[in-house]
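Please walk me through this protein from its overall layout to its core and surface. Keep it brisk.

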Amino acid sequence: MKNNRSIGIVLSGGGVRGIAHLGVLQALNEKGIYPDYLSGSSAGAIAAVMYGYGYKPLEILDIIVQTNYFKFFKPAISFKALLKMDRFEDLFRKYLPKDDFAALKIPTYLAATNILTGQTEYFSEGPIIRSNHGILLYSGHV
């Protein structure tokens, strides 16, 4: 009997908590379980996009530790975002050379809150890195 079920994984934000999902992905992969769909916000979006691009969970963790992603966080005082993400852009471009959801091996959906409207917006196509509005992976205003 063929199983027609799909597996979707949702990775939450919260800095280190979002990155901790890499351990769950690693454990699932070790058991031969691989998601068909990914979703994430904030730090979970970073993990989801990098995993969806083809990096293994331990590779992503190594990249995060080596580059110290979190040192790039700086509070922003603007209507564009809650955090300044301009320093992230070069880092993301290094590890995601094809800046498009279509380059991801696993369909991935990201959520960001538009701070002007308070509404959650979802993205699954087009560029992942949005220079004119900060980085979509964390942008408050998209």
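What pLDDT does the protein average? The average is 79, and 74% of the residues score at least 70. Here pLDDT is the predictor's confidence in each residue, from 0 to 100. This is a predicted model, in which local features need pLDDT of at least 70 and side-chain atom pairs count only at pLDDT 80 or more, while totals for chains, interfaces and linings use all residues. Residues are numbered from 1 along each chain as its sequence is written, and side-chain values use heavy atoms, with hydrogens and water left out.

Over residues 73-84 the pLDDT stays under 50. The model still gives that stretch 28 contacts beyond four places in sequence, a contact being heavy atoms within 4.5 Å. Residues 131-142 also have pLDDT below 50, with 50 contacts beyond near neighbours in sequence.

Now the layout. The protein has four helices and six strands. These are DSSP runs numbered from the N terminus: helices are H or I with at least four residues, strands E with at least two. Along the sequence they follow the pattern β-α-β-α-α-β-β-α-β-β. Among contacts between residues at least 6 apart in sequence, 66% join residues at least 24 apart.

Next, the interior. Of the 142 residues, 42% are buried. Buried means under 20% relative accessible area, exposed over 50%, and partly exposed in between (1.4 Å probe, protein chains only). The largest nonpolar core has 31 residues. Such a core is a set of buried Ala, Val, Leu, Ile, Met, Phe, Trp, Tyr and Cys residues joined through side-chain atoms within 4.5 Å. L22, M50, Y55 and I60 touch the most other members. Elements that each supply at least two residues include β1 (8-11), α1 (16-30) and β5 (108-114). Helix α2 gives the largest share, nine residues. In soluble globular proteins, nonpolar side chains tend to be buried together.

Which residues of α2 are buried? Among them are A43, I46, V49, M50 and Y53. Just after α2, G54 takes a positive phi of about 130 degrees.

The accessible surface comes to about 8100 Å², and 56% of it belongs to carbon and sulfur atoms. Such areas come from the Shrake-Rupley method with a 1.4 Å probe; for residues, only the protein chains shown count as cover. L58 lies in helix α3. This residue is exposed, with a relative accessible area of 52%.
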